[in-house]
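Hi,

Here is the structure I promised to pass on. Have a look, and my notes on its cavities follow below.

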Amino acid sequence: MADLPTHLIAADTLRRFVADIFTKAGTDRAEGERIATYLLSANLTGHDSHGVIRVPRYVQVLQDGDVLAGQDITIVTEGPTHAVVDGNAGFGQTVGPQAVDLGIAKARAAGMSVIALRNTGHIGRIGDWGERAAAAGQISIHFVNVSQGELVAPFGGVDRRFSTNPLCICIPQEAGQPPLLLDFATSVVAEGKVLVASNGGKPLPEGALIGPDGKLSTDPATLYGPLAKAGPRNAGNGPGAIRAFGEHKGSGIAFMCEILAGVLTGGGTSGPITPGTTRRRITNGMLSIYLDPAHFGSRHFVREARDYADYVKASRPALGVTEVLVPGEPEARTRADRLANGVPLQLDTWATIVATARSLGLSEPN
Ligand code: NAD
């Protein structure tokens with residue numbers, strides 16, 4: 001990304017512009033602000049793939065009626081330590097935090113809880129939900145899938161069978177300190193990284209994609225089909241797939257995400273999608289486990305976790321590496337940098353956001 005010219009924009013200006021876009025597109029102001037805040041959070045933490053690059057697609061699905069403004073979760077079934085909740089096809093940025101807050105409240109009372117969230121619009125960067133629980137002092141584990149969103153070939157296979165199925169584990173730290181945060185897609189790259197590459201951004205790593213002939217590829221057209229200069233990409237148009245990360249182990253985690261976030265939540269797995277048919281509404285499913293350390297008899301959990309993280313960081317760096325980082329550090333550093341210096345956006349990404357704004361009668365910020 002550093003090699004390409006970018007549009008640098010102050011975080012708050014970007015947030016307000018994106019909030020204006022969604023408000024104009026049909027959400028109320030509070031929801032527009034919420035969507036903008038979470039998309040910006042992905043950019044601030046360096047996950048541009050899940051940031052404002054999604055604005056044109058989000059507006060499109062809102063206009064198509066595939067995601068609905070102004071929804072709340074409804075409880076399908078619940079007990080003291082669990083709930084199955086329906087996101088009612090609302091914005092993930094609205095129903096996601098509602099589901100997380102339910103899990104936090106139950107874990108605070110009982111020590112732990114499990115929340116099965118289904119039928120929600122795209123819930124973006126899962127780290128936001130881990131960070132929300134960490135801010136309440138809780139550990140959380142999130143398994144995620146995308147119903148009707150198969151994009152990823154399993155280990156040893158060529159055909160799409162999984163979505164990019166992120167896994168997130170987040171550990172609270174002292175107030176004011178960033179949590180320990182593991183948050184990644186179980187594919188070699190998240191789909192958004194293919195999207196970024198298709199807009200002229202960071203090229204894909206070797207072996208990221210696989211064609212229908214079984215040959216490895218780094219060409220985003222493998223996923224999207226022939227690429228138009230700009231505009232929403234449709235992963236349904238490409239002939240190939242993204243590969244699962246970590247050979248049989250990563251592929252196995254992706255498989256289990258489908259079972260937990262797709263089958264157990266009742267939201268459905270990522271496939272099959274019959275060739276030639278239109279996909280049904282694409283929704284996320286998320287199975288989240290919340291643990292309140294106060295109930296686990298470890299009075300110094302946060303401090304001991306920090307001590308261990310420092311011990312890991314004290315490992316001598318390998319050749320060519322300057323420093324050992326623990327999960328969550330890259331995000332915290334990028335956030336500090338981008339809040340201070342602005343958010344860099346690929347020129348094509350910025351152009352598609354501005355085009356979306358103009359189509360709604362808005363002009364770009366000065
Ligand atoms: P990634 O490959 O950048 O990995 C990020 C993780 O690795 C973080 O936990 C980070 O702290 C850690 N990390 C990175 N560099 C490190 C280093 N040098 N040392 C130690 N730890 C390091 O992430 P990704 O797979 O590209 O996923 C990007 C985002 O996409 C995630 O936020 C994920 O939640 C999101 N996502 C969402 C969906 C969805 O359907 N909503 C689907 C897929 C991915």
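For the residue classes, Ala, Val, Leu, Ile, Met, Phe, Trp, Tyr, Cys and Pro count as nonpolar, Asp, Glu, Lys and Arg as charged, and the others, Gly among them, as polar. This is a predicted model, where local features need pLDDT of at least 70 and side-chain atom pairs pLDDT 80 or more, while totals for chains, interfaces and linings use all residues. Numbering runs from 1 along each chain as its sequence is written, and side-chain values use heavy atoms, without hydrogens and water.

On to the cavities (sets of points on a 1 Å grid over the protein atoms alone where a 1.4 Å probe fits but cannot get out; lining residues have an atom within 4 Å of a point). There are two of 30 Å³ or more, with volume being the space filled by probe spheres set on the points, which are joined across faces, edges and corners.

Ten residues line it, and Asn 43, Asp 48, Leu 345, Gln 346 and Thr 349 lie nearest its centre. Six of the lining residues are nonpolar, three polar and one charged. Strand β13 (343-346) supplies the largest share, three residues; strands (E, at least two residues) and helices (H or I, at least four) are DSSP runs numbered from the N terminus.

Cheers

Note on methods: On a 1 Å grid over the protein atoms alone, a cavity is a set of points where a 1.4 Å probe fits but cannot get out, and a pocket is an open set with protein on both sides within 12 Å along at least five of seven lines; lining residues have an atom within 4 Å of a point.
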